Amino acid sequence: MITVLALLASLLPAFGAAVTFAGGRDVRHVKFWSTAPVAAAFVLTLIVALDHGTGGTSVRGWTIGTAGDYSISVGARVSGLSALTAVLVAGVALCVQVFSASYLGGEPRYASYAALISLFTAAMLTVVYAPDLIVLLVGWEIMGACSYFLIGHYWEKPEARSASIKAFLMTKAGDVPFLFGIIALGVQAHSFQIFVVLQAAHNDVYDHPGWIAALLLCGVLGKSAQFPLHSWLPDAMAGPTPISALIHAATMVAAGIYVVALLYPIFALAPDVLIAMAVIAAITMCGAALCALAQTDVKKILAYSTVSQLAYMLGGLSVGGRSQAMYLLLVHGAFKALLFLAAGVVIHRVGSNELSAMGGLRFRMPITYGTMTIGLLALAGIPPFSGFFGKEGVLGAAFDASGEFAAPGKIVLTFGLITAGITAAYALRMWLGIFHGPFPDAPQEHEARVEAPQTELIPLILLAIPAAALGVVVLFGSDFSKALGGWYGESGSLLGSSAADLWPGGFTTLLSLLFALGFGTLVFLAWRRNPQADPAVTLLGPARGLLLNGFYFDRVIALALVRPTRAAARLVAYLDTNVLDAYVRGSGVGARGLGTMLRRLQTGSVQFYLTCLFLGVVIMAAVYAYVGTVS
Amino acid sequence: MSHGYLSPTGVEIAFVLVGLVTLGSGLLVVTVKNLVYAALWLIVCMGSIAVEYLLLSAELLAWIQVLIYGGAVIVLFLFGLMLTRAPIGPTEELNVRNRWPAAIVGLGAAGTLVTVVVQAYQHTWFDPRGAVSLGSAQALGGQLFKYWVLPFEVLSVLLLAALVGAIVLSRRGGALGAQAPNEEAEA
Amino acid sequence: MHAVYPLVLGALLFAIGLYGVLARRSAIAVLMAIELLLNAVTLNLVSFGAILRDQYGMGQIFTLFIITIAAAETGLGLAIVLLLYRQRATSDLGEQRELAEPVEPYDSDELLAVDEVEAGAAR
């Protein structure tokens, strides 16, 4: 029964998208049809999650066709992992739709925007509830396509156009190995159904699990914006802010982490890939946090922060902390979406993205101030907010890691602690920069207390609740892990996952709080000295330029990939013109040459013509006589 | 009545000698640079062919050959030479650069024809005197007006057509009025 | 008499006449060579008439006809030569080039130039 509800939940937003696309531009019609199906889907996911409880996995599928020896089935697979993630997805999508109704409601292309968000939600729910790897892939790709359209929503701006293509290309660069990985999985397990694939990992059926895991990891790197496929996420901030909240904070980038958690038994068979994951996560979390500290655009700070937090999740997965990573995913979805939406409100108010144009909004926008503070505290990992428990869970798992997870554990622990400190630093910088300090001269600003409209505030408040309160789950001990289910989707067992208790361990907690307080104090002192200036300028010094441009990573890519590709294209064009076309032109030249030679026979002299004629006659006569006499 | 090649009869000897004269004068007709000399050598050629006819006992034909060719046709040529103001003296460019291809064609034709003829008629002999009765004026006239009357009449029509054609072509003015100012400019 | 003698003589005379038609430059010389061709043919006919001795006497009668036609043809031919001379002040056949096709020089750059013009227009 719950599988049918789950399937319905993933189909309803698609239906809503279709109706919105077909229905034209009537704004009220669009507003209704964009929010109502998503709200219904949210309710359904809640019912599914509550009904599932801590039970095992239930699958229902209908085979719709075959591809060679393999059958493809649609339906739903409800496990603890998918139920919880689906609630997150539907919840954030609903908040974003409600927020957008007033944020973008007056703009010309609101109808297509809302429809695409609904379609995106449907695709993400398909990924989450997929019973079959092929169906998962379909949802995965549709998400990529919707992301392309939505990032490029303001296609009048060239940076939006190039950002959407960049996002698409970079995720595709990861998706191609991902496809190969899925095909390898399906072929070796003789089926694409997820429970068969996981059982095959349990029974050690796979020939080279290391290669498969590496291929799958490529897709995850692309979709979840980890090094080296990370630079599309900051540029994707050229799209509307609610999009960043939905896609680039809570759902699409989380899909990569979700897939790793889903196919965890396969990754567990490949210790080399786990080390690689840990190294990549470590590089990404530190590098992105440093870049976030230097950015002046509020949305870019949040983008780099997302990359860094996703690296935390990836790091958690690489040390065997599957439950901890998924917990961090859920809370991160909540507080990051909150932060993005609040940032959107502030940006609308101030009329600019830059931190330098903001300041002193504490009393002018109190509700936004309150909710954003909650979100930033969760981000910085301050108890008792949920982000604290999420981060501590990952660090604890890294500390307690043993066996094949030991080496990744050390890497993740070291860099995780450093990053915790830097995270606190940039969160504090953002808080101080937006809400405290002197009030800059902005032409749109006035003294009166002008808060955002209600439809924008309600999602903020709704998201602030889990951001603040979700830490309470930890009080229930290891029940979250039980709800999440084991590696193979079975219920309640703690098979293979270590330290499933989310209660923070003592040693790592102390260290991380020390780091956070230390770095935070540095930022506060720098700010105090000169409230009007950017604290990052004094703290980072000469490194600021490097960090502001993201370690000039894009230039490296341009040098390594773009220039050779362009040179190759020029070479091909040259070959086409001068080698292939030379043959074509050569045939023309040859024909003309032949014609000219033949034209020389037309001398105009009748006697010459007659000579040729009689020559032919003589030859014919001679041949005829010879043949006639000899034979 | 067959005898070998190496013991020719008197007719054959005479035939060969006159044949040499024919060929020689023919060659001179086509190679000599002076057009008037060419015409004169043509008379010699025609004459020697008439002698050949006599040797083949075609009497009437021999005299008709001399009369018409030697008498009328050559005179026509000489008149043509005069009227077109052909150079009376020798001219260098009289043989065109088509010489060598034409020579090849001529030699090829000669080779082919001679080979075919010799191979076909190696074993054929005939007595030329046996046809004397057929060559006389009486015999020829009888044949002509017994079996060949119709072609004879048609031939006379053809001669009429040729006559009319020649007159029309060579008129000045009248039907050829467009040419009149042209030649007046030359004249 | 062996049949080969008159026939070979006729063949050689024909070849000489063919050479004359193809090689001589003056129109009247060409007409003279045509006479040689016709005479070779008549010689052939007469000798076959003597060899075969048919009841119709075709060899010699046909020769009579050919001589007549040759004479008429010579007359008309000379009339044409006269006309040619009147129009062009020459009876030189080598100079008559109306049938000629002029040979224009070409080179491959011409084709390349066309491609560039088209590419420039498309851009």
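Guide: The following conversation sets several terms against their definitions. Please note that this is a predicted model.

Visitor: What makes helix 3 of chain A and helix 4 of chain A roughly antiparallel?

Guide: The axes of helix 3 (residues 80–103) and helix 4 (residues 110–129) of chain A cross at roughly 175 degrees and come within 9 Å. Angles over 145 degrees count as roughly antiparallel. Therefore helix 3 of chain A is called roughly antiparallel to helix 4 of chain A.

Visitor: Which residues meet where helix 3 of chain A touches helix 4 of chain A?

Guide: On the side of helix 3 of chain A, they include A:S82, A:V89 and A:A93. On the side of helix 4 of chain A, A:I117, A:T121 and A:L125 are among them. The contact between these two helices of chain A consists of eleven nonpolar residues, five polar and no charged.

Visitor: Why is strand 1 of chain A said to lie largely in the open?

Guide: A residue is buried if 20 or more other C-beta atoms lie within 10 Å of its own. In strand 1 (residues 58–67) of chain A, one of the ten residues is buried, so the strand lies largely in the open. For chain A as a whole, 54% of its 631 residues are buried.

Visitor: How many helices and strands does chain B have?

Guide: Chain B has eight helices and zero strands. Of its 187 residues, 26% count as buried.

Visitor: How many residues of chain C are in contact with chain B, and what makes them count as such?

Guide: Two residues are in contact if their C-beta atoms lie within 7 Å. By that criterion, 64 residues of chain C are in contact with 81 residues of chain B. Helix 3 of chain C provides the largest share of the side that touches chain B, 22 residues. That side of chain C comprises 44 nonpolar, 15 polar and five charged residues.

Notes: Residues numbered from 1 in each chain as written. Chains lettered and ligands numbered in written order. Predicted model: local features only at pLDDT ≥ 70, side-chain atom pairs only at ≥ 80, totals over all residues. Helix = DSSP H or I, 4+ residues; strand = E, 2+ residues; numbered from the N terminus. Buried ≥ 20, exposed ≤ 12 C-beta atoms within 10 Å, placed from the backbone. Nonpolar A, V, L, I, M, F, W, Y, C, P; charged D, E, K, R; others polar. Axes fitted to C-alpha atoms, helices over the stretch in contact; angles between N-to-C directions. Parallel < 35°, antiparallel > 145°, perpendicular 65-115°, else oblique.
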